Structure formats: C-alpha cells, structure tokens
Amino acid sequence: MSADTAILRVRDKILAKIGRIPVGIPEPLVVGRGINDVPIVSLTFSPASGRQMITAAELTRVAREVEVQLSRIEDVGLTYLVGATDEVLRVAPDPERLALYGVTLQQLAAKVGEPTRPCPAGCCAMVVNRSR
C-alpha cells in the first residue's frame with residue numbers, strides 16, 4: 001500500500017468518528033511522515049563540570065556555530081536549536097530609589113554596560129534532519 005493511500009485511509013477512519021470528538025476540539029490533521037522527517041542526530045551542549053563557567057549566551061553562540069557548519073554538509077536538511085537564549089537586559093531606573101542610595105544615572109549606566117559575570121548555563125540542544 002502506498003503512503004498516500006494509507007494517509008487517506010487513516011483520514012477516512014477519523015472522519016467517520018468525527019462526531020465523537022468533543023466540542024471545541026479542532027478537526028485532527030493527518031500528515032504523512034517519512035524517514036527524512038525523523039531527526040538522525042540530536043546534540044546537547046552543556047558546560048563541562050569543574051571547568052571555567054560559561055554563560056548561556058556563550059553556549060548558544062557555540063551551538064549556532066556548530067549549526068552553521070552542519071548545514072554546509074551535503075545531505076543535511078533542517079537543523080534547529082532548542083533552548084537557545086539571547087542575552088537581553090532591560091533596565092527601567094527609578095530616579096527616587098537611585099537618589100535614595102546615592103547612585104547617579106551615569107553610575108548605573110556604567111555598571112549595566114560592564115560585561116556580565118559568567119554563570120552556569122543550561123542546556124542547548126540541536127536537532128538535525130536529513131535533506132529530502
């Protein structure tokens with residue numbers, strides 16, 4: 001039996017029972033999958049224990065570099081990162097509280113502009129699929 005025929009048979013069976021699906025649940029979508037849709041490699045990036053601390057952003061940068069190199073390999077299809085983080089810092093200073101602690105806006109801006117202190121990072125995973 002062909003894949004298309006199998007998909008149609010499954011879809012027909014589901015539609016025959018569509019009345020039994022609770023109200024508010026969308027109609028099921030039947031999608032065929034092949035071997036090329038299954039990840040063949042899954043990589044997990046994490047800092048080595050006992051080594052120099054690495055930030056989550058640094059770990060993400062390394063994973064993105066590996067992703068670029070993998071995408072250049074023939075027959076490598078879709079690659080994507082799971083758990084990647086970008087460093088974002090939003091500061092909304094309260095002038096009254098700054099004055100209470102004797103901190104000027106310039107001092108705060110200088111401190112915020114300093115490089116962040118390294119800390120343990122979580123995991124960043126990469127999934128690689130074969131191309132079609």
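The following questions and answers walk through a predicted model of one protein chain.

User: How are residues numbered, and which pLDDT limits apply to this predicted model?
Analyst: Residues are numbered from 1 along each chain as its sequence is written, and side-chain values use heavy atoms, with hydrogens and water left out. In this predicted model, totals for chains, interfaces and linings use all residues, whereas side-chain atom pairs count only at pLDDT 80 or more and local features need pLDDT of at least 70.

User: In what order do the elements of the chain run from the N terminus?
Analyst: Helices (H or I, at least four residues) and strands (E, at least two) are DSSP runs, numbered from the N terminus. The chain has four helices and three strands, and from the N terminus on their order is α-β-α-β-α-α-β.

User: What percentage of the residues in the chain is buried?
Analyst: Buried means under 20% relative accessible area, exposed means over 50%, and partly exposed lies in between, with a 1.4 Å probe and protein chains only. Of the 132 residues in the chain, the buried share is 13%.

User: Which residues gather in the patch of positive charge on the surface?
Analyst: Patches are made of residues with over 30% relative accessible area and no salt bridge, like charges being joined within 9 Å and nonpolar side chains (Val, Leu, Ile, Met, Phe, Trp, Tyr) within 5 Å. Lys and Arg count as positive and Asp and Glu as negative, while His and the chain ends are not counted; the place of a charge is taken as NZ of Lys, CZ of Arg, CG of Asp or CD of Glu. One member, lysine 13, lies in helix H1 (residues 3–16) and counts as exposed because its relative accessibility is 61%. The patch consists of Arg9, Lys13, Lys17 and Arg20.

User: How far apart are the closest N and O atoms in the salt bridge of glutamate 65 with arginine 61?
Analyst: A salt bridge is a side-chain nitrogen of Lys or Arg within 4 Å of a carboxyl oxygen of Asp or Glu, and the structure holds two. Glutamate 65 and arginine 61 are four residues apart in helix H2 (residues 56–71), so about one helical turn separates them. Glutamate 65 is partly exposed at 45%, as is arginine 61 at 46%. Their closest N and O atoms are 2.8 Å apart.

User: What is the phi of aspartate 75?
Analyst: Most residues other than glycine have a negative phi. Aspartate 75 lies in the loop between H2 and strand E2 (76–82). Although aspartate 75 is not a glycine, its phi is positive, at about 70°.

User: What is the area of the nonpolar surface patch made by Leu78, Tyr80 and Val82?
Analyst: Accessible areas come from the Shrake-Rupley method with a 1.4 Å probe, and for residues only the protein chains shown count as cover. Valine 82 lies in strand E2 and is partly exposed, with a relative accessible area of 42%. Together with Leu78 and Tyr80, Val82 makes a nonpolar surface patch of about 270 Å².
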